[in-house]
Amino acid sequence: MVSHVLLLRVKDDEPDRYEVAFEAKGYLPLSVPVLETVLVHIDELREKIVRGPDAQGLSGVILTSKRAVEAWCEAIRSLAETSQADWRTVPFYVVGGATATAASQIRAAVPSMVHLAPAENQVRGGADAGTAERLAEIGRHFPGMLAAGGVALETLEVYRTTGSSRFRDDLGAALEKAPVDGREWGWVVYFAPSVAAFVTPILEEVFRLDAFKVAVIGPTTASFLRDTLNVRVDVVPPKPTPDALCSAVVAFDEIA
């Protein structure tokens with residue numbers, strides 16, 4: 001019997017790395033978007049970009065996701081006229097490989113104002129910085145860590161996420177390819193605590209709790225599921241990568 005894998009996330013690209021990894025092992029992966037994102041405080045971000053790093057005493061920028069990169073691009077595009085500010089010598093620290101790729105493409109997205117984008121050699125971190133889950137894990141301590149090193153942190157929220165108003169419909173459409181027939185259906189994979197809080201009550205309307213096994217991308221999400229939602233977690237991969245996640249699921253199924 002084919003084992004299904006419900007990936008509670010938006011595909012990064014085509015082909016999606018997680019889907020490819022699971023398909024290679026004989027699983028049927030289904031990706032369903034669970035969150036909606038809206039950009040916020042673009043006017044304030046635009047003002048900061050126009051003023052430039054020197055006038056504000058800024059020695060670096062931290063971009064926590066592709067959405068933050070989108071906000072930076074949108075702020076530049078919304079300029080009524082160009083700015084004399086120059087951000088090309090400022091390091092942009094990013095979280096995750098996808099964010100690094102997006103940050104490196106800002107110059108191409110705003111070709112007439114490349115001086116407001118990071119230079120290619122100033123995009124730092126990438127895959128080595130871990131994932132958004134890792135950032136959330138250290139988020140409580142981050143300002144103190146920087147302060148201990150003599151660095152002041154100024155934060156600006158540039159996007160906000162909420163549960164997708166289309167999740168029920170999108171989940172129903174995905175399950176048409178893999179109907180729930182009362183037997184063990186397969187796996188559900190969670191990628192963030194915020195996702196877990198939103199989707200779990202909906203999933204429990206569709207599945208029996210014993211109809212699926214649960215995998216998570218990292219320990220923060222695992223703790224939230226266990227401690228807050230009282231949901232059993234079967235697999236936590238050693239690394240937050242598609243191959244590590246798939247290998248952990250395969251290993252669990254082989255001994256189950």
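This is a predicted model: local features need pLDDT of at least 70, side-chain atom pairs count only at pLDDT 80 or more; totals for chains, interfaces and linings use all residues.
## A pair in the sheet

Residues are numbered from 1 along each chain as its sequence is written, and side-chain values use heavy atoms, with hydrogens and water left out.

Leu6 sits in strand E1, and E1 (residues 4–7) pairs with E8 (residues 186–190) in the parallel sense over 4 bridges. Strands here are DSSP runs (E, at least two residues), as are helices (H or I, at least four), numbered from the N terminus. Two strands count as paired if DSSP finds at least two bridges between them. Elsewhere along this pairing, Trp187 in E8 stands opposite Val5.

## The rest of the sheet

On to E2: E1 pairs with this strand too, in the parallel sense and over 4 bridges. Here Leu7 has Ser31 of E2 as its bridge partner. Put together, 4 strands make an open sheet with parallel pairing, in the order E2-E1-E8-E9. Strands E2 (28–31) and E9 (212–216) are the edges, each pairing on one side only. From one strand to the next, the twist averages 20°.

Helix H1 (residues 17–24) packs on the sheet, where it touches E1 and E2 (contact means heavy atoms within 4.5 Å). The direction of H1 makes about 165° with that of E2. For such angles, axes are lines fitted to C-alpha atoms, for helices over the stretch in contact, and values run from 0 to 180 degrees between N-to-C directions.

Which way do the side chains of E1 point? His4 and Leu6 go one way and Val5 and Leu7 the other, and all are buried. Buried means under 20% relative accessible area, exposed over 50%, and partly exposed in between (1.4 Å probe, protein chains only).

Now for helix H2 (residues 42–51), where Ile42, Leu45, Lys48 and Ile49 are buried. They lie on the same side of H2 because they cover an arc of only 120° around the axis, taken from the directions from the helix axis to the C-beta atoms.

The buried residues of H2 pack against strand E3 (35–39), helix H3 (53–56) and helix H4 (66–77). On the face turned away from that buried side, you'll find the exposed residues Asp43 and Glu47. After H2 comes Gly52, with a positive phi near 85°.
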